[in-house]
Amino acid sequence: MADHNPFPGENNTGHVWDDNIRELKNPPPRWWMQGFWLSIIWVVGYSILYPTWPVGDDANRGLLGWTQIKEYEQGVERIEAKRAEFEDRIRELSADQILADPGLKQYTLASAKVLFGDNCAACHGSGGQGNPGYPVLADDDWLYGGTTAKLTETITGGRQSLMPAHKTILTEPEVDTLAHWVVQMNETGGEGGSEAGWTLFKTKGCVACHGQTANGHVVDLPNGDFIGVGAANLRDGIWRFEPGGFESARHTILYGVNQKDVPESRNAVMPAFAEPAGKLSEQDIKKLVVYVHSLGGGM
Amino acid sequence: MMTHIQTRLQTHLQPNAALRNPWVLGWIGLIVVVLAVNLVMVYLAFATNPGLVNADYYERGRNYERTVLTRQARDPGWLIRADIPASLHAGQTESIRVFFVDKAGQPVDPEVVTFHAYRPSDAARDFTLSMNREDRGRYVVETAFPLIGVWDTLIVARLGEDEFSVGERLTVGTP
């Protein structure tokens with residue numbers, strides 16, 4: 001930097017490098033200064049209208065009274081108001097009526113998806129596809145019936161089927177014959193069961209719960225629905241306890257289902273979801289009924 | 001009057017004369033075939049590359065048969081089923097579950113269950129989580145995949161010296 005100023009009267013700062021490079025004191029352009037003052041005015045105006053400056057744990061209140069949380073709450077209120085009209089209609093209509101209304105059904109399915117994820121997916125799978133030990137909901141095979149009335153009953157009060165353990169009732173060969181018969185029935189759609197198997201099925205009490213034709217229906221109703229006690233359909237190739245086959249069938253026959261005194265017994269309990277035992281309101285259950293029915297409901 | 005040399009020159013200078021030569025056509029065909037095969041191989045390399053490399057790949061390959069036979073001999077016949085939501089979005093937490101039942105369909109509990117997520121294109125983004133027992137034979141982990149695109153997942157269960165696994169390739173969508 002030069003110690004002397006070789007350009008006196010030039011309005012420079014006196015800082016000169018390499019003999020001729022110097023720092024001038026030119027004012028900023030007018031447009032820049034205008035922008036500068038406008039931005040200061042804008043900051044002052046903004047801080048008067050909106051919360052800007054920290055005051056303790058809070059901030060100054062703007063004249064408009066705007067806050068982010070207030071805007072969020074207003075947004076939620078607007079959405080709630082929009083939902084309320086759908087929720088009111090759901091409250092008034094039955095699950096069957098909701099299923100018949102495409103717009104309302106769409107809203108209900110979207111709303112119930114979260115409920116399903118929180119309450120049902122852990123056992124029945126994220127898409128209702130079932131899991132080992134837990135029934136599939138996305139098919140047309142129902143242990144207690146797939147009508148909206150039956151689904152409501154199931155979700156509200158839960159289900160707990162019972163099958164006695166036959167370890168002390170049947171002989172080993174009888175258990176094996178029955179287990180083979182169950183496999184044959186499932187593999188052939190109910191047409192290939194052995195005579196010996198049918199005889200045991202009918203004489204050892206299986207027919208009482210699994211039905212005369214082993215389809216899990218205790219009584220078939222004229223409207224196509226049925227009365228069942230949760231016993232599996234033994235002729236449709238769908239295994240209640242996967243992986244299915246001889247070993248699975250044999251285990252179920254030997255140790256039964258939900259037999260408290262038999263440690264090896266199958267555990268097949270669905271809890272009640274209705275308040276107060278459960279945590280779902282009547283409205284939530286109605287939504288879930290619509291959701292589950294649309295996965296694979298029917299008679 | 002045209003000389004003999006002029007006639008030969010004219011013949012050689014005719015447009016596309018070389019393309020009628022079977023030798024030239026043969027060589028061009030060969031090059032096209034080689035290039036086509038290369039392109040197919042490049043495509044297959046990209047399409048099927050899992051992006052995963054084992055450090056001890058040689059030893060594993062050498063012991064492959066022994067490993068398979070050992071596993072077959074010790075296979076308890078468990079059914080292992082993973083339940084990973086069909087629709088995954090980056091950054092969105094989802095529950096991933098796995099179910100274990102024995103060959104009679106009774107739930108069974110391994111000692112340790114671990115969830116591995118591999119990012120085929122970037123090993124630095126791989127992550128591993130322990131799965132928690134939710135019920136008998138049922139394990140869960142809450143996780144969010146940080147990036148969109150393809151992930152390879154592997155759920156590994158250990159029981160004593162035995163190891164059981166189930167793998168699945170996932171595509172994670174935009175948030």
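In this predicted model, helix H2 (residues 68-92) and helix H4 (residues 102-119) of chain A pack at about 100°, their axes 11 Å apart. Helices here are DSSP runs of at least four residues (H or I), strands are runs of at least two (E), and both are numbered from the N terminus. Axes are lines fitted to C-alpha atoms, for helices over the stretch in contact, and angles between N-to-C directions run from 0 to 180 degrees. H2(A) and H4(A) are therefore roughly perpendicular, a label for 65 to 115 degrees, with under 35 degrees being roughly parallel, over 145 roughly antiparallel and the rest oblique. On the H2(A) side Phe86(A), Arg89(A) and Ile90(A) do the touching, and they meet Leu104(A), Tyr107(A) and Thr108(A) of H4(A); contact means C-beta atoms, placed from the backbone, within 7 Å. That set splits into four nonpolar residues, one polar and one charged (nonpolar: Ala, Val, Leu, Ile, Met, Phe, Trp, Tyr, Cys and Pro; charged: Asp, Glu, Lys and Arg; polar: the others, Gly among them).

As for bookkeeping, residues count from 1 along each chain as its sequence is written, while chains are lettered from A and ligands numbered from 1 in the order written. Local features need pLDDT of at least 70 and side-chain atom pairs count only at pLDDT 80 or more, whereas totals for chains, interfaces and linings use all residues.

Next comes the annotated site. An unreviewed UniProt entry marks Met163(A), Cys206(A), Cys209(A) and His210(A) as "binding site"; positions follow the numbering used here, feature names are shortened, and annotations may be inferred rather than shown by experiment. These residues span 48 positions in sequence, yet no two of their C-alpha atoms are more than 10.3 Å apart, so they gather at one spot. Met163(A) sits in the loop between strand E5 (159-160) and helix H7 (172-187). Met163(A) counts as buried because 23 C-beta neighbours fall inside 10 Å (buried is 20 or more other C-beta atoms within 10 Å, exposed 12 or fewer, partly exposed in between, with C-beta atoms placed from the backbone). Beyond four places in sequence, Met163(A) contacts Thr252(A), Gly256(A) and Val257(A). Cys209(A), in helix H9 (residues 207-210), is partly exposed, with 17 other C-beta atoms within 10 Å. With neighbours within four places left out, its contacts are Val218(A), Val229(A) and Ala231(A).

Glu242(A) and Pro243(A) are joined by a cis peptide bond with omega about 10°, and Pro243(A) lies in the loop between strand E7 (226-227) and helix H10 (246-255). The bond from Glu275(A) to Pro276(A) is cis too, omega being near 5°; Pro276(A) falls in the loop between strand E8 (269-270) and helix H11 (282-296). Positive phi in a residue other than glycine turns up at Asn11(A), near 70°, and at Asp19(A), near 75°. Asn11(A) precedes strand E1 (12-17) and is exposed, with 10 other C-beta atoms within 10 Å. Asp19(A), in the loop between E1 and strand E2 (21-24), is exposed with 8.

Finally, chain B. 14 of its residues are in contact with 13 of chain A, and strands E1 (79-83) and E3 (94-101) of chain B each give two or more residues to that side. The chain B side divides into seven nonpolar, two polar and five charged residues. Residues 24-46 of chain B carry the UniProt annotation "transmembrane region" from an unreviewed entry; this stretch is 100% helix and 0% strand, with its end C-alpha atoms 33 Å apart.

Key. Contact = placed C-beta atoms within 7 Å.
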